2 protein chains.
Amino acid sequence: MPISNIILRNPTHYKYYTKLSVFNSLSKASRLFAKRNVSTKQMEFPCLDKLEAITKQLKEKQQKQTLKIDKLQQCIDPVYSNIKTGYQIYESKVPLYSDFGGVLPNPWQIAYETWGTLNKERSNAILLHTGLSASSHAHSTKQNPVSGWWENFIGPNNPCLDTNKYFVICTNVLGGCYGSTGPKSIDPTNTSSKDINKRYATRFPMLSIQDIIRAQHQMIKEFFLIDKLYASVGSSMGGMQSLAYGVEFPNELEKIVSVSGCARSHPSSIAMRHAQRQVLMADPHWNRGYYYNEIIPHVGMKLAREIATVTYRSGPEWESRFGNERLDDERQPMLCPDFLIENYLDHQGEKFALEYDANSFLYLSKTMDLFDLSLSFQKRGLRKRTSLVQNNGICSNESCVVEQNQGLEEKPVKRKRSSTVEEARIDLQKGLQPLASKDLLVIGVKTDGLFPYWQQREIVDLVSSDTNYSGKIKHIELDESQSLYGHDTFLLDLENIGKEIGKFLTKN
Amino acid sequence: MPISNIILRNPTHYKYYTKLSVFNSLSKASRLFAKRNVSTKQMEFPCLDKLEAITKQLKEKQQKQTLKIDKLQQCIDPVYSNIKTGYQIYESKVPLYSDFGGVLPNPWQIAYETWGTLNKERSNAILLHTGLSASSHAHSTKQNPVSGWWENFIGPNNPCLDTNKYFVICTNVLGGCYGSTGPKSIDPTNTSSKDINKRYATRFPMLSIQDIIRAQHQMIKEFFLIDKLYASVGSSMGGMQSLAYGVEFPNELEKIVSVSGCARSHPSSIAMRHAQRQVLMADPHWNRGYYYNEIIPHVGMKLAREIATVTYRSGPEWESRFGNERLDDERQPMLCPDFLIENYLDHQGEKFALEYDANSFLYLSKTMDLFDLSLSFQKRGLRKRTSLVQNNGICSNESCVVEQNQGLEEKPVKRKRSSTVEEARIDLQKGLQPLASKDLLVIGVKTDGLFPYWQQREIVDLVSSDTNYSGKIKHIELDESQSLYGHDTFLLDLENIGKEIGKFLTKN
């Protein structure tokens, strides 16, 4: 029977839908509303109201501070009022040529803090690498008594990094915004007359993880006069750096600790970071990176951080903490934050939006995507440096000021693509061969969705299955009974992560 | 030794960084660029250029089409040029009172399509539920020969839904934009003089999954005159609907199939959908839902879809398909799509942005978040309908036109929060008790991150461990060797999903 021939039955037989309540007790507000002649109330958007209010506040603040910039003619941070202070500065007298063809002219600088004392032999230094958005302030200091991002993991007799034994150095990564040279810094070669126009913004060179650790290495050797680190320790992006340091300078460190890191970025992680970048870049206030004398892209930053937070924590933790409870179960659902979990994400995003520079976030996020210790990738980076040698370039202390646009013409060598997964595996194993004699501690967390456990297993498998490997490798994998905190576990778990690092560092 | 006392060693000893290439062969473009006096080239943003071009195109298109609306005085879709056609319309003569206190005045409508023939006994009907963004066009028809979203799963002698045996009905969900009443529809009670101002936009009532299936049920009973469905089949959001249909109308269907669905939304899934909504709502063109006579929020939609795509597919699939290969390994990395995976996401987002209504997306995304078959949640919804009965409301065919603002004053009963995970489990088990005599097929996919496998296990455990359960339950879980396609597996895998559904439907 064709459906169009079915006759519509009188719907009154259909009890359930034909009940109609008497509309006899309207409040005043509702009666007023009734005049608008719509069937359902306009939804409210308190979250958008709030964002608009923040934009207004920033505009007012900005207007005041722009005056200040003009007056003082110096680089101040217009908005990041809570920027970390109390760090020291290392300033380079030579330019840095990035793997991807850009150049960072000198003077560029690294912000650093230290804890403990460097021994006479200069053999007890630990270089601590941070995650993407952290400052050098890993622990409180006299200069800055605010708690650091790894406060419970560092200190005298601390089970993780014992400052009675070790001299701990932490830097703000190159490209960051807490004192080290990054996109919001002044380009010393820029001859613009206005201070604000001299900032790099999106004329900052794209950095590789290797560029970042080479800059650190330069500081370690040249400034701290340390020939060999006792250990390189890092988590997340810091876990990438820690491995890269070992691969790049295998004879200049004893031990390597890499927590929740990887040896090459995985497309799922790239996809999540891609989403964050695109969301931030879609904020009209981002303005292709040129917002330093305008309103910062706080909406885009907030949204990017909310997406990031989803990748930092884990479902099982949220299940027990938030479930699917709403803020107010009696209120009509709305599109603005309504569930406890939404409120949590909203809060995380809002906090971060005014604390970190959007361009630093974009650049470093991409730097993470580009991380790959495969031999083909490393070779590719080396080409540029080889050509510098071939050109017989020698520079004195003075002549090392970079010439205009140098390196712009350099094209990276085309990388030979691995045609199979197995080929890619071998390429990566070859890239890790410099670690052949090193002691390694690799830690992964089962609930980590951003750097999933199999990426740490990959490091361990590739290093330990290499026939030339003569070091000791320890692999720890925290299961759900040990941690529900996903990728963020390294910030929280002194017992399963901190103590294990301490043990590994102590052992011979 | 205090660090500040370390003397900066002459960097010339530090060979690696002091090499300087001679800058002797500049191209013309580069020489021009050199005049700008910056150290590194300005990054390019082709992705933003493209979005701006699309905005411009839409504006031009919009200007032409707005004229058309004014002239024809009818509801046309200004942008969704490829909107599905060839569906039939069921129109309700009674209002729909939503669980959350809103009301959809009649006439509201459901777009549907059918395949196969309804037998004389009206006992061979299968109601097929869609995912969030699909239309009623599950399979090609005479009226619309374009392939449907489940083209390979339906047809004469098809191993999944055999149209020689079954009469398959698929609807566009209420709240959608492919023919069913949704936010872009005209509110019949709105007395505004301008057609465009009559559209619901964000005055559309928030719907529950139960509201959606009650609307379908009304159509099935009243229009198709079917007292009992042979089966309710659905995946993703459709998997929620399929279960809800069984819980709400246990005596009016034989079998239930729920693929990659769940019995209540999990905070991780809420978090991912929250991110998509906030990103879309931050697009200035969204304009709090009032964009129907303006430029649609295509940038926000694109971004939301990119985030969604990350949740639809799986890491292992992407690893083998995209790895970390870039579009062009020789080019300097940029913040616009650069890796293969980024290009894929960009393309997925762009396509969807012009195909689906932003408000429909927002509302239905929230509807999914609010889904919970726990008894406490169901009771809460029932209150309103009970009060309608208590008010002794009776309506004839004509008087059922809803009165202005009816239901706005109704506040849902406060739901008793489960204080422990175990209490929440029992609450959900009680909610599923109406399924006690039903045959169920529940399918999950190990690589699904959005509706993870343990959510399907939860359904199976709760139903089968109930002492009153007398039906047959079948649980299939596809592991990585069977499917790498994550949540999207249900759209692709005829072998492991389609055939299993067919078998389940055939068995007595």
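Predicted model: local features only at pLDDT ≥ 70, side-chain atom pairs only at ≥ 80, totals over all residues.
The predictor's confidence in each residue is expressed as pLDDT, on a scale from 0 to 100. Chain A as a whole has a mean pLDDT of 82, with 81% of its residues at 70 or more. A further stretch with pLDDT below 50 covers residues 67-83 of chain A, and the model gives this stretch 37 contacts beyond near neighbours in sequence. For the complex, the predictor reports an ipTM of 0.84 and a pTM of 0.86.

Chain A contains 15 helices and 12 strands. Of its 508 residues, 63% count as buried. Among the contacts in chain A with a separation of 6 or more, 73% are accounted for by residues 24 or more positions apart.

Two helix pairs were examined, one within chain A and one between the chains. Within chain A, the axes of helix H6 (residues 267-281) and helix H10 (residues 358-369) come within 10 Å and cross at roughly 155°. Since angles over 145 degrees count as roughly antiparallel, H6(A) is therefore roughly antiparallel to H10(A). The crossing of these two helices, H6(A) and H10(A), is left-handed. On the H6(A) side, the contact involves Ile270(A), Arg273(A), Gln276(A), Arg277(A), Leu280(A) and Met281(A). Their counterparts in H10(A) are Ala358(A), Phe361(A), Leu362(A), Ser365(A), Lys366(A), Met368(A) and Asp369(A). By class, seven nonpolar, two polar and four charged residues make up this contact of H6(A) with H10(A).

Between the chains, helix H7 (residues 298-312) of chain A and helix H6 (residues 267-281) of chain B have axes that come within 10 Å and cross at roughly 170°. H7(A) and H6(B) are therefore roughly antiparallel to each other. From H7(A), the residues in contact are Leu303(A), Glu306(A), Ile307(A) and Val310(A). H6(B) contributes Ala271(B), Met272(B), His274(B), Ala275(B), Gln278(B) and Val279(B). The contact of H7(A) with H6(B) comprises seven nonpolar, two polar and one charged residues.

Several features of the backbone were also noted. Most residues other than glycine have a negative phi, and most peptide bonds are trans. A cis peptide bond joins Asn106(A) and Pro107(A), with omega about 0°, and Pro107(A) lies in the loop between strand S3 (103-104) and strand S4 (109-115) of chain A. In chain B, the peptide bond from Asn106(B) to Pro107(B) is cis, with omega near -5°; Pro107(B) is placed in the loop between strand S3 (103-104) and strand S4 (109-115) of chain B. Leu225(A) has a positive phi, near 55°, and is located in the loop between helix H4 (209-223) and strand S9 (229-235) of chain A. Asn287(B), which is not a glycine, likewise has a positive phi, of about 55°. Asn287(B) is found in the loop between H6 and helix H7 (298-312) of chain B and is partly exposed, with a relative accessible area of 44%.

Two further positions in chain B were considered individually. Asn144(B) lies in the loop between strand S5 (125-129) and strand S6 (154-155). Residues under 20% relative accessible area count as buried, and Asn144(B), at 6%, is therefore buried. Beyond its neighbours within four places in sequence, Asn144(B) is in contact with Thr85(B), Gly86(B) and His137(B). The C-alpha atoms of Asn144(B) and Tyr87(B), 57 residues apart along the chain, are separated by 8.2 Å. Glu60(B), in helix H3 (residues 46-72) of chain B, is partly exposed, with a relative accessible area of 42%.

Key: Residues numbered from 1 in each chain as written. Chains lettered and ligands numbered in written order. Heavy atoms only, no water. Contact = heavy atoms within 4.5 Å. Helix = DSSP H or I, 4+ residues; strand = E, 2+ residues; numbered from the N terminus. Buried < 20%, exposed > 50% of the residue type's maximum accessible area, 1.4 Å probe, protein only. Axes fitted to C-alpha atoms, helices over the stretch in contact; angles between N-to-C directions. Parallel < 35°, antiparallel > 145°, perpendicular 65-115°, else oblique. Left-handed = near helix turned anticlockwise from the far one by under 90°. Nonpolar A, V, L, I, M, F, W, Y, C, P; charged D, E, K, R; others polar.
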